[in-house]
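Thanks for coming, everyone. Let's look at pockets and a ligand today. Have the structure open as I talk.

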Amino acid sequence: MPEPRQNHRPMAQGQWTAVDEYVTGLLVPEEAALEAAERNSEDARLPPIQVSPPQGKLLYLLARSIGARRILEFGTLGAYSTIWLGRALPEDGRLITLEADPGYAEVARANISRAGLEGVVDLRVGAALDLLSVLREEGPFDFTFIDADKENSPAYFAWALDHSRPGALIVADNVVREGTLADPESDDPKVLAQRQLHEAVAAEDRVSATTIQTVGGKGYDGFMVALVEP
Ligand code: SAH
Ligand code: DHB
Ligand code: MG
């Protein structure tokens, strides 16, 4: 009997990365500002956990496809996803992005400004849950991207839903977590929070949602996409 392969992931990872590079080369030509944002974030030693280029473009396409004018983002990091989303907005659009780490926010601010988006993007520094109370007046939002501390994704989703217009999209990153989403043995609080998110959404009449598993340069994870019912 052949030995079972102990670890097929590294091989798959190479292929996933190669396909991401292939797709990016043909379909996701990055503008200079996006490349600069990646480079500056790397130089500033930010963790390399931004969405991949194909994922960034997906966020951009989703926001454009619903004609989003007001966007809310949880978790800015160096503003890579922020710039993709900002590019989807009309000139008078507005994107509020929330970041807890002042050092990351400084890098993000420079990247936003290099992208010419300082008139559109409103970056707020602090723990997102503390910032939400003053955001009440800024909504309703057309598009929300949840990508901050994963334990709070259910709370961010609940707030976003209460402050979304009918027809809005809410997208949550990192919900599959290498498949542990469906592993009953996992007691990782980040995983439990994603399960809680799925259960809350399942019980919620105001949204229709699905989760798509993703592989690529960032490994194996997934997005939840929820439409706020018109
Ligand atoms: N959306 C970014 C990646 C975000 S990484 C992109 O794809 O380009 C997650 C970010 O959430 C980190 O920058 C982290 O500092 C921030 N974060 C963590 N806890 C937070 C909190 N409580 N409130 C706001 N931001 C938080
Ligand atoms: C992490 C955060 C993210 O938003 C992500 O997409 C990948 C990893 C993290 O905190 O490790
Ligand atoms: Mg993420």
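First, what is a pocket? We put a 1 Å grid over the protein atoms alone, and a pocket is an open set of points with protein on both sides within 12 Å along at least five of seven lines. Lining residues have an atom within 4 Å of a point. Grid points are joined across faces, edges and corners, and a volume is the space filled by probe spheres set on the points.

A word on the source. This is a predicted model, where local features need pLDDT of at least 70, side-chain atom pairs count only at pLDDT 80 or more, and totals for chains, interfaces and linings use all residues. Residues are numbered from 1 along each chain as its sequence is written, chains are lettered from A and ligands numbered from 1 in the order written, and side-chain values use heavy atoms, without hydrogens or water.

So how much space lies in the largest pocket? About 870 Å³. It has 49 lining residues, and Ile49, Asp147, Lys150, Asp173 and Asn174 are the closest to its centre. By class, that lining holds 24 nonpolar, 15 polar and ten charged residues. Here Ala, Val, Leu, Ile, Met, Phe, Trp, Tyr, Cys and Pro count as nonpolar, Asp, Glu, Lys and Arg as charged, and the others, Gly among them, as polar.

Which helix gives the largest share of this lining? That is α3, with five residues. Helices are DSSP runs (H or I, at least four residues), numbered from the N terminus.

What takes up this pocket? Ligand 2 does. A molecule sits in a pocket if more than half of its atoms lie within 2 Å of the grid points. Around ligand 2 are Ile49, Asp147, Lys150, Asp173, Asn174 and Lys218 (a heavy atom within 4 Å).

Now the polar contacts (pairs of N or O atoms within 3.5 Å). In Lys218, a side-chain N or O atom is 2.5 Å from an oxygen of ligand 2. For Asp147, the distance is 2.7 Å. For Asp173, it is 3.2 Å. The protein covers 67% of the 290 Å² of accessible area that ligand 2 has on its own (Shrake-Rupley, 1.4 Å probe).

Last, the second largest pocket. Its volume is about 210 Å³. Of its 13 lining residues, Asp20, Glu38, Ser52, Pro53 and Gly217 lie nearest the centre. Here α1 gives the most, four residues.

Conventions
Polar contact = N/O pair within 3.5 Å; in protein donor to acceptor, adjacent residues only side chain to side chain. 1 Å grid on protein atoms, 1.4 Å probe; cavity = no way out; pocket = protein on both sides within 12 Å on 5 of 7 lines; lining within 4 Å. Helix = DSSP H or I, 4+ residues; strand = E, 2+ residues; numbered from the N terminus.
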